[in-house]
Amino acid sequence: MKKMVKTSMVYFTAALIAGVFYREFTKFNQFSGRTALSLLHTHLFVLGMFLFLILAIFCSIMPQILESKKMKKFYVLMNISLPLFVFTLLVRGVAQVLEIDLSSALNASLSGIAGMTHILLTISLGLFFSLIFEGLKKAN
């Protein structure tokens, strides 16, 4: 459970940094349009900080969740896919602000990585709900 809270704190810190970076980077470059950078802050808060805090609460109520084989799979998969997804948003957002024309290969690569990370995030969230239901089943 402590590991979940610490992971949540890491994502909290990353979310704050992402928010400040978005505000300052766009202001410094006098950019006022829409950019993928605006999504970093929210994704890190919701899929990082809040998700792991919620899991920590469930683990305190149903400690058997921590012993599930799915827990390690969820933890590893989420902590690979979310940072990778955030990285694609960061690269695309910086390119948008700096008005860099991405080559079609780089654009397709970013889209492909973002798509794969969305799939992995979906699998992670499926494992998350499976863990919760498994814990509820064992609790009854």
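Here is a short briefing on the fold, its helix packing and a few residues worth a look.

The model is predicted. The protein has 4 helices and 0 strands, and from the N terminus on its elements run α-α-α-α. Its C-alpha trace spans about 55 × 30 × 20 Å along the principal axes.

**Overall picture**

- The protein has 140 residues, and 36% of them count as buried.
- Among contacts with a separation of 6 or more, 81% are between residues 24 or more positions apart.

**Helix α4 and its buried residues**

- Helix α4 covers residues 104–139, and its 36 residues should span 52 Å at 1.5 Å a residue.
- Which residues of α4 are buried? They are L110, A114, T117, L121, S124, L127, F128, L131, I132 and G135.

**How α3 and α4 pack**

- The axes of α3 and α4 lie 8 Å apart, and the two helices pack at an angle of about 150 degrees.
- Angles over 145 degrees count as roughly antiparallel, and α3 and α4 are therefore roughly antiparallel to each other.
- The crossing of these two helices, α3 and α4, is left-handed.

**S81, a buried serine in α3**

- S81 sits in helix α3, which runs over residues 69–97.
- Is S81 buried or exposed? Its relative accessibility is 0%, so S81 counts as buried.
- A polar atom of the S81 side chain lies 2.8 Å from the backbone oxygen of L77.
- Beyond its neighbours within four places in sequence, S81 is in contact with T117, L120, L121 and S124.

**L37, a buried leucine in α2**

- L37 lies in helix α2, and L37 is buried because its relative accessible area is 0%.
- What does L37 touch, leaving aside its neighbours within four places in sequence? The contacts of L37 are F21, Y22, F25, L89, L90, G93, V94 and V97.
- Helix α1 covers residues 2–28, and F21, Y22 and F25 are the contacts of L37 that fall in that range. L89, L90, G93, V94 and V97 fall within the residues 69–97 of α3.
- As a distance along the chain, L37 and I57 are 20 residues apart, and their C-alpha atoms are separated by 30 Å.

**Two loop residues with positive phi**

- As background, most residues other than glycine have a negative phi.
- Q30 is a residue other than glycine with a positive phi, near 50 degrees. Q30 is placed in the loop between α1 and α2.
- With a relative accessible area of 75%, Q30 is exposed.
- E99 is not a glycine either, yet its phi is positive at about 55 degrees. The loop between α3 and α4 holds E99.
- E99 counts as exposed because its relative accessibility is 66%, and the cut-off for exposed is over 50%.

Definitions and conventions
Residues numbered from 1 in each chain as written. Predicted model: local features only at pLDDT ≥ 70, side-chain atom pairs only at ≥ 80, totals over all residues. Heavy atoms only, no water. Buried < 20%, exposed > 50% of the residue type's maximum accessible area, 1.4 Å probe, protein only. Polar contact = N/O pair within 3.5 Å; in protein donor to acceptor, adjacent residues only side chain to side chain. Contact = heavy atoms within 4.5 Å. Expected span 1.5 Å × (residues − 1). Axes fitted to C-alpha atoms, helices over the stretch in contact; angles between N-to-C directions. Parallel < 35°, antiparallel > 145°, perpendicular 65-115°, else oblique. Left-handed = near helix turned anticlockwise from the far one by under 90°.
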